[in-house]
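Start with the structure itself.

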Amino acid sequence: MRFKADPADYRLDEAQHLLVVRWRDGHESRYSFDDLRKVCPCADCRTAEEPRGGLQVLTGPVVRRGEIRIVAISPVGRYALGFRWSDGHSTGIYSFDFLRELCPCEACRLGAG
Ligand SMILES: [Zn+2]
Ligand SMILES: [Zn+2]
């Protein structure tokens with residue numbers, strides 16, 4: 001595993017609907033629940049049609065922006081996190097590499113460009 005994608009700490013900010021990951025290199029990433037749910041890497045979500053307007057969940061209701069929540073986080077080995085979502089979905093496995101690449105902060109977005 002690359003040093004970059006090694007998390008020191010992670011927590012949920014329920015008030016702001018954020019997952020906050022602090023990495024061992026000192027960087028901090030803040031992911032909105034909406035965005036995380038949208039990029040769910042599981043097979044079901046990746047083969048679902050592109051959502052229009054809302055987050056279309058294959059077997060569940062359409063969830064509007066700001067409504068989705070993470071109700072539980074479970075570590076998957078040492079390399080990933082699994083989330084249980086308020087819409088009942090829980091099959092996505094988010095590797096730390098994936099999360100690090102996903103970091104929405106300006107520095108990372110510019111670096112990725
Ligand atoms: Zn999924
Ligand atoms: Zn970043």
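Q: How many disulfides does a search of the whole structure find?
A: The model is predicted. A disulfide needs two cysteine sulfur atoms within 2.5 Å. A search of the whole structure gives a count of 0.

Q: Which atoms coordinate the zinc ion (ligand 2)?
A: Donors are N, O and S atoms within 2.8 Å of the metal. Here the distances run from 2.0 to 2.3 Å. The donors are His27 (NE2), Cys103 (SG), Cys105 (SG) and Cys108 (SG).

Q: What spacing do the donors of the zinc ion (ligand 2) follow along the chain?
A: The donors are His27, Cys103, Cys105 and Cys108. Along the chain they follow H-x75-C-x1-C-x2-C.

Q: Is the site of the zinc ion (ligand 2) tetrahedral or irregular?
A: Four donors count as tetrahedral if all angles lie between 85 and 135 degrees. The 4 donor atoms here make angles of 104 to 116°. The site is therefore tetrahedral.

Q: Is cysteine 108 buried or exposed?
A: Buried means under 20% relative accessible area. Cysteine 108 has 19% relative accessibility, so cysteine 108 counts as buried.

Q: What is the relative accessible area of cysteine 103?
A: Cysteine 103 is one of the zinc donors. Cysteine 103 is buried, because its relative accessible area is 0%.

Q: Which side chain does the side chain of serine 29 join in a polar contact?
A: Serine 29 lies in strand E3 (residues 28-32). Serine 29 is buried, at 0% relative accessibility. Its contacts beyond four places in sequence include Cys103 and Trp23. The polar contact, at 2.8 Å, is with tryptophan 23.

Conventions: Residues are numbered from 1 along each chain as its sequence is written. Chains are lettered from A and ligands numbered from 1 in the order in which they are written. This is a predicted model: local features need pLDDT of at least 70, side-chain atom pairs count only at pLDDT 80 or more; totals for chains, interfaces and linings use all residues. Side-chain values use heavy atoms; hydrogens and water are left out. Buried means under 20% relative accessible area, exposed over 50%, partly exposed in between (1.4 Å probe, protein chains only). Donors are N, O and S atoms within 2.8 Å of the metal (3.2 Å for Na, K and Ca); water is not among the atoms, so sites may look incomplete. Four donors count as tetrahedral if all angles lie between 85 and 135 degrees; four count as square planar and six as octahedral if opposite donors are over 155 degrees apart and all others between 65 and 115; anything else is irregular. Helices (H or I, at least four residues) and strands (E, at least two) are DSSP runs, numbered from the N terminus. A polar contact is a pair of N or O atoms within 3.5 Å; within protein, one must be able to donate a hydrogen and the other to accept it, and residues adjacent in sequence count only if both atoms are side-chain atoms. Contact means heavy atoms within 4.5 Å.
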